[in-house]
Amino acid sequence: MRRPQLDIQLKTPDQIEKMRAAGLVVAEALRRMREAVAPGVSTADLDAIAESTIREAGGVPSFKGYHGFPASICSSVNEQIVHAIPSPKQVLSEGDLISIDCGAVLDGWHGDSAITVGVGDVDPALLKMAEVAEDAMWAGIAAAARGAASGRGRLTDISHAVETAVRKGGRYGIVDGYGGHGIGTEMHQDPHVLNHGRPGKGPRLVAGMALAIEPMITMASPRTVELSDGWTVVTRDGSVAAHVEHSMALLSDGVWVLTAFDGGRARLGDLVTARQPAVSTTS
C-alpha cells in the first residue's frame, strides 16, 4: 500500500518486524566498528568489519554496489560530511572525528544508521557537536512519534524539531541538500526528510511509515563541495562535521527505532511501541 502524493510505502506490522531484524544487523556492525575505532586503524579496516558482520548475519551490505559505490560503509573523517569511500590509505589519527554510515538488507528489507565517534583524545567542542547532532536526531524521532499519536503530525514537524534542537545546542551549520529519507524495500524512498524547516507541512505522519532521520551539522559554514571521486562530500570551509542517523517506524501504538538495540526506549520512554520489550536482551 502506498500513499499517492509521494509514493510513500506504508509497511504492515509484520514487515516492520523484518525491518527490525535488518536494523539490528546494522546496529551490531556499528557497535563493532565503534569498538575498533582507534589511532592507526584505517577506514578500510572498519569497512571489513562491517561487511563481515553483515554477511555473518545472512545479510548483504546495502551500500556496496549502490549506484557503483565500492564499499559497505561511508567513513567520513573530520571535514568529510558524508559518502566518503573507505581506504587503506586513510588511517585514523588522535583527535579525529569520524562519521560511519552503514546499511544492510536482510530478507528484502533495509536498515540504515550512522554514528559519529571521536578517535582517542578529541577536542571537547567537536564531541559537543556530535552530541548536539544526536540530540537533534532524537528530537526529530520524538516529534514523529508525537505527531503520529495525535493524528495531526506532518513530515516537516520532524525537520523543525531537528533544526530547533541544533539551534538550541549552539552555532552550528545545518547541511542543506542532504537529509533523511523513507526506507523499506529500497534503501532510499519517499519522502525526503529535511533537517530544517517550518512545521505543519508535507504528508501526515501515520502508522506504517518508516523513515531514516539523519542530521548533518558542521562547526561553521554549512556549504558543501563534492570531491572528484563523485561521492565524498566535504565542508567548503574545511570545518569539521558530524553525521548521525537512525531508521525508525511508526506503529499504531508508538515509534520503533529499528536500528537501536533498545528500540529507542532509553531516549523515548513510553513513546516506544509495546512491540519493543521494556528491557532489551541485546547489547
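A nonpolar core is a set of buried Ala, Val, Leu, Ile, Met, Phe, Trp, Tyr and Cys residues joined through side-chain atoms within 4.5 Å. Buried means under 20% relative accessible area, exposed means over 50%, and partly exposed lies in between (1.4 Å probe, protein chains only). The structure is a predicted model, in which local features need pLDDT of at least 70 and side-chain atom pairs count only at pLDDT 80 or more, while totals for chains, interfaces and linings use all residues. Residues are numbered from 1 along each chain as its sequence is written, and side-chain values use heavy atoms, with hydrogens and water left out.

**View 1. The largest nonpolar core, with Ile141 and Ile213.** This core has 39 residues, and Ile141 and Ile213 touch the most other members. Two or more residues each are given to the core by helix 3 (124-150), helix 4 (155-169), strand 11 (210-213), strand 16 (246-251) and strand 17 (254-257). Helices (H or I, at least four residues) and strands (E, at least two) are DSSP runs, numbered from the N terminus. Helix 3 supplies the largest share, twelve residues. Contact means heavy atoms within 4.5 Å. Not counting residues up to four places away in sequence, Ile141 touches Ile213, His246, Met248, Val255, Val257 and Leu268. A second, separate core of 22 residues includes Met33, Ile54, Ile73 and Ile100.

**View 2. The span of the annotated domain, residues 17-247.** The unreviewed UniProt entry lists these residues as "domain: Peptidase M24". UniProt positions are given in the numbering used here, feature names are shortened, and annotations may be inferred rather than shown by experiment. In the model, the end C-alpha atoms of residues 17-247 lie 13 Å apart. The span is 33% helix and 25% strand.

View 3. Thr43, Leu46, Asp47, Ala50, Glu51, Thr53 and Ile54 are the buried residues shown in helix 2. The buried residues of helix 2 are covered by elements including helix 1 (13-36), strand 3 (60-61), strand 4 (73-77) and strand 6 (97-106). The 14 residues of helix 2 should span 20 Å at 1.5 Å a residue, and the end C-alpha atoms are 20 Å apart, which agrees. The expected span of a helix is 1.5 Å times one less than its number of residues. Gly58, with a positive phi near 90 degrees, follows helix 2.

**View 4. Thr53 within helix 2.** Thr53 lies in helix 2 (residues 43-56) and counts as buried because its relative accessibility is 4%. Apart from neighbours within four places in sequence, Thr53 is in contact with Val25, Glu28, Ala29 and Arg32.

View 5. With neighbours within four places in sequence left aside, Leu24 is in contact with Leu258, Ala260 and Phe261.

**View 6. Helix 4 and the elements that cover it.** In helix 4, Leu155, Thr156, Asp157, Ile158, Ser159, Ala161, Val162, Ala165 and Val166 are buried. Helix 3, strand 8 (173-174), strand 10 (189-193), strand 11 and strand 12 (216-218) are among the elements that cover these buried residues. The 15 residues of helix 4 should span 21 Å at 1.5 Å a residue, and the end C-alpha atoms are 22 Å apart, which agrees. Helix 4 is followed by Gly170, whose phi is positive, near 155 degrees.

**View 7. Pro191 in strand 10.** Pro191 counts as buried, with 2% relative accessibility. Its contacts, leaving aside neighbours within four places in sequence, are Leu6, Ile8, Leu155, Gly180, His181, Gly182 and Leu211. Pro191 and Tyr172 are 19 residues apart along the chain, and their C-alpha atoms are separated by 25 Å.

**View 8. Cys74 and Cys102, without a disulfide.** A disulfide is counted as a pair of cysteine sulfur atoms within 2.5 Å. The sulfur of Cys74 is 9.3 Å from the closest cysteine sulfur, in Cys102, and is therefore too far for a bond. Cys74 counts as buried at 5% relative accessibility, and Cys102 counts as buried at 0%. A search of the whole structure finds zero disulfides.
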